[in-house]
Every structure is written in structure tokens, then in C-alpha cells.
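Open the structure in your viewer and keep the sequence panel beside it. The tour goes from one selection to the next and says what is there.

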Amino acid sequence: MRIDKFLKNSRLIKRRTIAKEACDQERITINGKVAKPGTEVNVGDVINIKFGTGEITARVLKLIESTKKEDAPLMYEIIEN
């Protein structure tokens with residue numbers, strides 16, 4: 001699954017366009033490498049997201065193509081906040 005789609009489906013980022021912009025601005029890394037919007041995500045990958053003043057590190061637990069709001073937290077676990 002593409003990183004921009006994963007971020008939207010997991011609701012770590014609310015919209016796919018915002019996830020794409022974050023990737024374009026090099027604020028998203030996967031396993032320590034800067035991610036482009038089309039970079040593939042796999043179970044076990046560690047994603048780091050840099051926001052304005054903070055950042056979140058999460059591990060991918062599941063890849064779900066179409067999620068309901070209540071299923072989104074099952075897709076990842078927060079490692080650092």
C-alpha cells in the first residue's frame with residue numbers, strides 16, 4: 001500500500017492530499033528513509049511523521065484497503081509521541 005493511502009486510511013493524517021504534501025516536504029520517513037507519496041508500506045515498517053512542532057513514530061501492524069473509523073487504530077501502534 002502507498003504511504004499516502006496508508007496515512008489516510010489509518011487516520012494518522014486526515015486527507016490523502018495532505019499526506020502527499022507532507023511527503024513532498026520530506027516530513028515523512030519509513031525506516032529512516034524519506035518517503036515519496038508512492039513509497040510502498042509493509043507490515044512492520046516504522047513511520048515517522050513530523051508535524052509543525054512535534055512528531056509521531058508508529059509501527060505498521062496491518063494494511064487495510066478500506067477502513068471504518070473504529071478499525072483505523074488497528075493499523076498501527078504508536079512507538080513515540
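Which residue in β4 stands opposite Ile49? Select Ile49, then look across to β4: the residue opposite is Ile56. Bear in mind from here on that this is a predicted model.

**Stop 1: the sheet**

β3 and β4 run antiparallel and are joined by five bridges. Follow the chain from β3 into β4, and you pass through a hairpin of four residues.

Now show the whole sheet. Its five strands are in the order β2-β1-β3-β4-β5, the sheet is open, and the pairing is antiparallel. The edges are β2, residues 33-34, and β5, residues 76-80; each of these pairs on one side only. What holds strands together in general? Strands of a sheet pair through backbone hydrogen bonds, which may be parallel or antiparallel.

Select β1 and β3 next. These two pair in the antiparallel sense over three bridges.

Then move to β4, residues 55-60, and β5. Four bridges connect this antiparallel pair. Click on Ala58 and find its bridge partner in β5, which is Ile78.

**Stop 2**

Most residues other than glycine have a negative phi. The next two selections have positive values.

Select Glu26, in the loop between α2 (16-24) and β1 (28-30). Its phi is near 60°, a positive value in a residue other than glycine. Is Glu26 buried or exposed? Glu26 is exposed, because its relative accessible area is 53% and the cut-off for exposed is over 50%.

Asn31 has 46% relative accessibility, so it counts as partly exposed.

**Stop 3: a buried proline**

Select Pro37, which sits in the loop between β2 and β3 (46-50). Because its relative accessibility is 12%, Pro37 counts as buried; the cut-off for buried is under 20%. How far apart in space are Pro37 and Cys23, C-alpha to C-alpha? The distance is 5.6 Å, while in sequence Pro37 and Cys23 are 14 residues apart.

**Stop 4: salt bridges**

A search of the whole structure finds five salt bridges. The tour visits some of them.

Show the side chains of Arg2, Asp4 and Arg16, which are linked in a network of salt bridges. Begin with Arg2 and Asp4, whose side chains meet at 3.1 Å, N to O. Then turn to Asp4 and Arg16, where the closest N and O atoms are 3.3 Å apart. Asp4 lies in helix α1 and Arg16 in helix α2, so this pair ties together parts that are 12 residues apart in sequence.

Color these residues by accessibility. Asp4 counts as buried because its relative accessibility is 3%. Arg2 has 34% relative accessibility, so it counts as partly exposed. Arg16 is partly exposed too, with a relative accessible area of 34%.

Next, select Glu65 and Lys5. These residues form a salt bridge, with the closest N and O atoms 2.6 Å apart. The pair links distant parts of the chain: Glu65 is in the loop between β4 and β5, Lys5 is in helix α1, and 60 residues separate them. Glu65 is exposed, with a relative accessible area of 52%, whereas Lys5 is partly exposed at 23%.

**Stop 5: a charged patch**

For the last stop, switch to a surface view. Which residues form a positive surface patch? Select Lys8, Arg11, Lys14 and Lys69, and the patch is marked out. Among them, Lys8 has its place in helix α1, residues 3-9. Lys8 counts as partly exposed because its relative accessibility is 36%.

Terms used: Residues numbered from 1 in each chain as written. Predicted model: local features only at pLDDT ≥ 70, side-chain atom pairs only at ≥ 80, totals over all residues. Heavy atoms only, no water. Patch = residues over 30% accessible without salt bridge, like charges linked within 9 Å, V, L, I, M, F, W, Y side chains within 5 Å. Areas by Shrake-Rupley, 256 points an atom, 1.4 Å probe, with all protein chains shown as cover. Salt bridge = Lys/Arg side-chain N within 4 Å of Asp/Glu carboxyl O. Lys, Arg positive; Asp, Glu negative; His and termini not counted. Charge placed at Lys NZ, Arg CZ, Asp CG, Glu CD. Buried < 20%, exposed > 50% of the residue type's maximum accessible area, 1.4 Å probe, protein only. Pairing = 2+ DSSP bridges.
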